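Subject: Structure handover

Hello,

Here is the structure I promised to pass on. Please open it first, then read my notes below.

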Amino acid sequence: MTSQDSEIRALLDSRVDACRAKDVDQLMSLYSPDIVYFDVVPPLQFVGSAEVRRNFIRWFSEYEGPIGLETHELNIEMSADVAFVHMLHLDSGTRKNGVDGAVWIRSTVCCRRSHGKWSITHEHISMPGTWPHPDQALTASP
């Protein structure tokens, strides 16, 4: 593992920690101001940090308590100041509508290093299944 690889892993770990804690300020500090974010909810594409922030606040507000988020099958490809990452996340928790469950999420993240700091410049989220996950298993493989 290279030091750059470690930096990207640290960035992604910080992203997961911020999501679990529903800390929108910490989360947004990891994204570039011109972030382009594709999600599974309308309008499907969010451009710029203000739109992405609103989308994260919407997502956080759907949960009664903390968000469970586990990263699986992390793959990092990088060259110089650009990194391309894809992974699976197991998203779990109790929704305010009473649904308690888990769902697999696919995530692709593109990062760029500028002035010595890595930030997320593009993210694409997709869902291969439905909410709640049929098995409700938090340790199951996709």
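Lys22 is found in the loop between H1 and H2. Helices here are DSSP runs of H or I with at least four residues, strands are DSSP runs of E with at least two, and both are numbered from the N terminus. Lys22 has a positive phi of about 55°, although it is not a glycine. Lys22 is partly exposed, because its relative accessible area is 25%. The cut-offs are these: buried is under 20% relative accessible area, exposed is over 50%, and partly exposed is in between, with a 1.4 Å probe and protein chains only.

Ala80 also has a positive phi, near 55°, and is not a glycine. Ala80 is found in the loop between E3 and E4. Why point these out? Most residues other than glycine have a negative phi, and most peptide bonds are trans. The peptide bond from Pro42 to Pro43 is cis, with omega near 10°. Pro43 sits in the loop between E1 and E2.

**What you are looking at**

This is a predicted model, in which local features need pLDDT of at least 70, side-chain atom pairs count only at pLDDT 80 or more, and totals for chains, interfaces and linings use all residues. Residues are numbered from 1 along each chain as its sequence is written, and side-chain values use heavy atoms, with hydrogens and water left out.

The predictor's confidence in each residue, from 0 to 100, is called pLDDT. Its mean over the protein chain is 91, and 89% of the residues reach 70 or more. Take care with residues 138–142. There pLDDT stays under 50, and the model has 10 contacts for them beyond four places in sequence. A contact means heavy atoms within 4.5 Å.

**The fold**

The protein chain has three helices and six strands. Along the sequence, the pattern is α-α-β-β-α-β-β-β-β. Of the 142 residues, 39% are buried. Among contacts with a separation of 6 or more, 56% join residues 24 or more positions apart. The chain exposes about 7,400 Å², and carbon and sulfur atoms supply 53% of that. Those areas come from the Shrake-Rupley method with a 1.4 Å probe; for residues, only the protein chains shown count as cover.

**The core**

Which residues have the most contacts inside the largest nonpolar core? They are Ile8, Tyr31, Tyr37, Phe56 and Cys111, in a core of 32 residues. H1 gives the largest share, six residues. A nonpolar core is a set of buried Ala, Val, Leu, Ile, Met, Phe, Trp, Tyr and Cys residues joined through side-chain atoms within 4.5 Å.

Look at Cys111 next. Cys111 counts as buried because its relative accessibility is 2%. Leaving aside neighbours within four places in sequence, its contacts include Ile8, Leu11, Val82 and Trp118.

The structure holds zero disulfides. A disulfide would need a pair of cysteine sulfur atoms within 2.5 Å. For Cys111, the nearest cysteine sulfur is that of Cys110, 7.3 Å away.

Start with Ser32, in strand E1. Ser32 counts as buried because its relative accessibility is 3%. Ser32 and Ser119 are 87 residues apart along the chain, yet their C-alpha atoms are separated by 5.6 Å. A polar contact of 2.7 Å joins the side chains of Ser32 and Asp34. A polar contact is a pair of N or O atoms within 3.5 Å; within protein, one must be able to donate a hydrogen and the other to accept it, and residues adjacent in sequence count only if both atoms are side-chain atoms.

Is Asp39 buried or exposed? Asp39 is buried, because its relative accessible area is 13%. It lies in the loop between E1 and strand E2 (45–47). Its side chain makes a polar contact with the side chain of Asn55, at 2.8 Å. Leaving aside neighbours within four places in sequence, Asp39 also touches other residues, among them Phe46, Arg58 and Ile125.

Last, find Val47 in strand E2. Val47 is partly exposed, because its relative accessible area is 40%. Beyond four places in sequence, Val47 is in contact with Ile35 and Val36.

Best wishes
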